[in-house]
Amino acid sequence: MGKIALALIVFLTSVSYANAGVFLGTAFCSTMGDCEPFPVDDCMPNPPCPVRPFAITHPPGFDGSGGALSYDICVLKGSGRFIGPLQRAMATWNALIPTIGNCIGCKLWEDGSEGLTIAHAETTLLHELGHCPLGLDHPDRNWDAAGDGVWEPTSFTRSWDVANPPNGIRAGPDFLRGTLDDIQQRGGGAIPESVHWFRRMDNNPFAIDGTVIDSQTFSRSVLTNLPAGHSWAANANKRVSQALGLPDTQSVMYSRQVEGEIKVALTADEVNMLEMARTGVDQTAGTSDDYTVELRYVESCDQADVIIALGSFMDMGTIAACRATVEYAFPQAPMLARHLRVIPELPGPLIITLSQDILWDRTTIRGFFDDGFESGDVSAWSSVTP
C-alpha cells in the first residue's frame, strides 16, 4: 500500500488508529506502519516522500530567526458552543505548565476497546491544538504484534524502522509498554531510531524541575544517551505513572480518548517536546533563534490561522481531526533538512474538525487539581519525581 503523507492528523477513539501526523521526530509512514529514509535531494523543496527520523516539526511560519510566533484561532459560525472549551485549551498551551495527576478516567489501548458516544470537548481540543498548529504527534505507536498484517495501537513509545514480529517490539521485565526497559529491534537485531525526546539524566517523562531543556539535557539517541540500565525511551502513559507511584498521569497527545476521560492539563512529556523544538536550529536554549508561541482567540474566521468546525468522518471511530502537511523550513539548505514546519493541506487556514455525530461535554473541570498540580507544585505529595 502507498505512503501516508503527513497530511491526516487524527485524534482517535478506541475504535481505530492511524500512524500519521507531525511530531518532533516522526517520519512519513506506510499504511503498514513502517517508515523509510530518503535522499534529501529527491524531496526538495517540499517533502512528498518520507521524512528522516531525526526531523523536528515546528509551527507554521518558523524560519529560524527566533522571536514570537502567534496564531489566531476561531470557531466557525454554528459551532459557538465550543468557544469556552477552546479558550481554556488555548490558555493551557500558552501557559505550558507541566503537571502530575492530570488524568481522570484515561485508559490505554491495552485496556480493551469500547464505544464512545460522548467526549469531553476541552480534552479533545487540547489534543488537536497540540497537532495543529503546534506540531506534535502521538507519543505511542501502532504495531503488528500478532504478525498477521494488522497494525494495532499500542502504548509502546514511537519509533522508526522496527522489524516485523516475532518480538520486534516487546515489553521488558516490568511487562509494561512504554517504559524504560522495552525492547525494540529492526532487521538483523539492529536498534531502530527513537523519535521521542527523553531526559538524559533519568529518562523520566514525568519529571518536573528546573532542568534547562535543550540538546544538552534531552536526546533521542537510545544508543548513546540513555541512562545505564535503560533500553528505550519511556513515554507518559498512565501505567508508567502508576509504576512510579504517581497519581494517574497521561500525555494529552496519547492517541486514545475514552468516554468519561478528562485531561485539561499538560504533562512534562509534551512540554519537553515543545521546549526542545523552541530552541530553534541550534537546539540550544537561551540563544537568539529560540522562539515562543502564543495562541490567540479571535471571533472572526476571515483571517484566522486555525478554524474549529463541526463535521462528519467516514471512519466512525474518529472524533476529531486536523488536516495538515509539512514543508521544509529551509528548502535550499540540505544540511538543515531536519527542520520542517506545519502548513495547511490545502490553501487557507488549518482546520480542526470535531465530529457532529457524537455528544460533546463542554463543561469545565477546573479545580480538581487542588494539591498544586496545575501550577506544577507537587510538594503536597509523598512520592515525587526527581
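A residue is called buried when its relative accessible area is under 20%, exposed when it is over 50%, and partly exposed in between (1.4 Å probe, protein chains only). The structure described here is a predicted model, in which local features need pLDDT of at least 70 and side-chain atom pairs count only at pLDDT 80 or more, while totals for chains, interfaces and linings use all residues. Residues are numbered from 1 along each chain as its sequence is written, and side-chain values use heavy atoms, with hydrogens and water left out.

The chain comprises 386 residues, of which 56% are buried. Its secondary structure consists of 4 helices and 24 strands; these are DSSP runs numbered from the N terminus, with helices (H or I) of at least four residues and strands (E) of at least two.

Turning to the cysteines, the model holds 3 disulfides, each being a pair of cysteine sulfur atoms within 2.5 Å. Cys-74 is joined to Cys-301 with an S to S distance of 2.0 Å. The torsion about this S-S bond is about 115°, so the Cys-74 and Cys-301 disulfide is right-handed. Because Cys-74 sits in strand β5 (residues 67–75) and Cys-301 in the loop between β19 (291–297) and β20 (306–311), the bond ties together parts that are 227 residues apart in sequence. Cys-74 has a relative accessible area of 0% and is buried.

Cys-132 and Cys-322 make up another disulfide, with 2.3 Å from S to S. Here the torsion is about -105°, so the disulfide of Cys-132 and Cys-322 is left-handed. This pair also links distant parts of the chain, 190 residues apart, with Cys-132 in the loop between α2 (121–131) and β9 (140–143) and Cys-322 in strand β21 (residues 318–328). Cys-132 is buried at a relative accessible area of 0%, and Cys-322 is buried at 0% relative accessibility. The remaining pair is Cys-103 and Cys-106, whose sulfur atoms lie 1.6 Å apart; both of these residues are buried.

The backbone holds a few points worth a look. Most residues other than glycine have a negative phi, and most peptide bonds are trans. A cis peptide bond joins Cys-132 and Pro-133, with omega about 15°, and Pro-133 belongs to the loop between α2 and β9. Phe-175, although not a glycine, has a positive phi of about 60°. Phe-175 occupies the loop between β12 (169–170) and β13 (183–184) and is exposed, with 73% relative accessibility. Gln-283, also not a glycine, has a positive phi of about 55°. Its place is the loop between α4 and β19, where Gln-283 is buried with a relative accessible area of 11%.

The largest nonpolar core has 49 residues, and Trp-93, Leu-129, Leu-295 and Ile-308 touch the most other members. Such a core is a set of buried Ala, Val, Leu, Ile, Met, Phe, Trp, Tyr and Cys residues joined through side-chain atoms within 4.5 Å. Beyond its neighbours within four places in sequence, Trp-93 is in contact with several residues, among them Leu-126, Leu-129, Val-252, Glu-270, Leu-274 and Leu-295.

The buried residues of α4 include Asp-269, Glu-270, Asn-272 and Met-273. Their cover includes β4 (56–58), α1, β6 (98–99), β16, β18 (266–267) and β19.

Note on methods: Contact = heavy atoms within 4.5 Å.
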